[in-house]
Amino acid sequence: MKNIAVIGAGTMGNGIAHTFAQFNYNVHLIDISETALNKGIATITKNLDRMVAKEKISEADKTVTLNNITPFISIENGVKDVDLVVEAATENVALKSKIFKQLDEVCGEKTILATNTSSISITQIAAVTNRPEKVIGMHFMNPVPIMKLVEIIRGYNTSDAVMETIVNLSKEIKKTPVEVNDYPGFVANRILMPMINESIETLYNGVAGVAEIDTVMKLGMAHPMGPLQLADFIGLDVCLSILNVLYDGFKNPKYAPCPLLVNMVMAGKLGVKSDEGFYDYSENRKAEKVAKMFS
């Protein structure tokens with residue numbers, strides 16, 4: 001396995017492309033938007049520059065990594081002769097199903113199709129293809145080049161050979177693969193999202209403020225980041241989408257999204273990506289912080 005296609009040049013997609021390219025795989029980074037592709041390559045370049053500055057890689061390593069990535073705006077052209085496709089599009093079952101149906105039509109019969117979904121059923125996605133035994137979940141963690149965990153999710157029809165191939169591939173890119181079965185939210189988000197949702201409920205009920213809730217969890221539970229700040233980094237829209245998948249899948253009220261989360265998403269307060277969520281990430285706010293440092 002040497003040729004990898006990654007669909008989606010956003011946060012997860014460019015991180016996945018970066019990681020494979022850094023380990024000398026030929027990567028086809030695919031997005032329907034040329035602007036998104038350019039932004040994704042720029043992000044990869046910036047992250048590689050950081051690694052060079054920290055002396056984790058050399059300038060030559062950076063050059064090789066970037067040369068291993070070829071951008072495409074066409075799925076059909078981008079997946080020619082690849083061994084594996086990793087889909088990292090928006091967490092939307094209709095969109096992912098549409099992409100996988102197309103992939104099944106244009107990919108070679110031996111190509112493995114993986115999805116980076118964080119909560120959607122692998123079995124459901126695989127059902128739109130004629131190769132359900134070759135469909136699998138590869139749930140990378142953000143930021144992909146740094147985080148070691150990859151949840152490997154077996155769909156109902158995923159073959160043992162495909163599971164073994166993807167587990168071994170994950171090890172080759174220095175990740176720690178953990179095999180899980182196909183239930184809503186898998187392991188990571190089945191546990192994480194209710195905690196984030198309960199943190200939002202705690203804020204919604206007026207028990208404590210944003211900073212106070214995050215401080216309790218960081219200092220009391222040794223979390224590196226508070227749950228509300230983490231929600232901002234994940235994206236509040238993504239958190240809402242995952243909670244809806246959990247709620248629909250289990251029909252259990254404990255997974256019902258907090259009304260505050262729903263309202264914030266409707267208002268466009270999505271966290272870091274929109275410059276405002278539970279915290280303010282705007283340039284003005286950043287400037288204020290810098291000014292305070294030197295006052």
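Trainee: Which residues of the largest nonpolar core touch the most other members?

Mentor: Of its 35 residues, these are Phe20, Leu84, Val86, Met138, Phe140 and Ile166. The model is predicted: local features need pLDDT of at least 70, side-chain atom pairs count only at pLDDT 80 or more, and totals for chains, interfaces and linings use all residues. Residues are numbered from 1 along each chain as its sequence is written, and side-chain values use heavy atoms, with hydrogens and water left out.

Trainee: What makes a set of residues a nonpolar core?

Mentor: The members must be buried Ala, Val, Leu, Ile, Met, Phe, Trp, Tyr or Cys residues, joined through side-chain atoms within 4.5 Å. Buried means under 20% relative accessible area, exposed over 50%, and partly exposed in between (1.4 Å probe, protein chains only). In soluble globular proteins, nonpolar side chains tend to be buried together.

Trainee: Which residues does Phe20 touch, leaving aside those up to four places away in sequence?

Mentor: Phe20 touches Ile4, Tyr25, Val27, Leu84, Val86, Phe140, Leu169 and Ile173; contact means heavy atoms within 4.5 Å.

Trainee: Why are β1 and β2 called paired strands?

Mentor: Two strands pair if DSSP finds at least two bridges between them. Strands (E, at least two residues) and helices (H or I, at least four) are DSSP runs, numbered from the N terminus.

Trainee: In what order do the strands of the sheet lie?

Mentor: The open sheet of 8 strands has the order β3-β2-β1-β4-β5-β6-β7-β8, with mixed pairing. Strands β3 (69-72) and β8 (176-181) are the edges, each pairing on one side only.

Trainee: Where does helix α1 lie?

Mentor: Helix α1 (residues 11-22) lies across β1, β2, β3, β4 (84-87) and β6 (135-140), at about 165 degrees to β2. Axes are lines fitted to C-alpha atoms, for helices over the stretch in contact, and angles run from 0 to 180 degrees between N-to-C directions.

Trainee: Why is Cys107 called buried?

Mentor: Its relative accessibility is 8%, under the limit for that term, so Cys107 counts as buried. Cys258, at 0%, is therefore also buried.

Trainee: What shows whether Cys258 is in a disulfide or in none?

Mentor: A disulfide is a pair of cysteine sulfur atoms within 2.5 Å. The nearest cysteine sulfur to Cys258, that of Cys239, is 12 Å away, so Cys258 is in no disulfide. By this rule the count is 0 disulfides.
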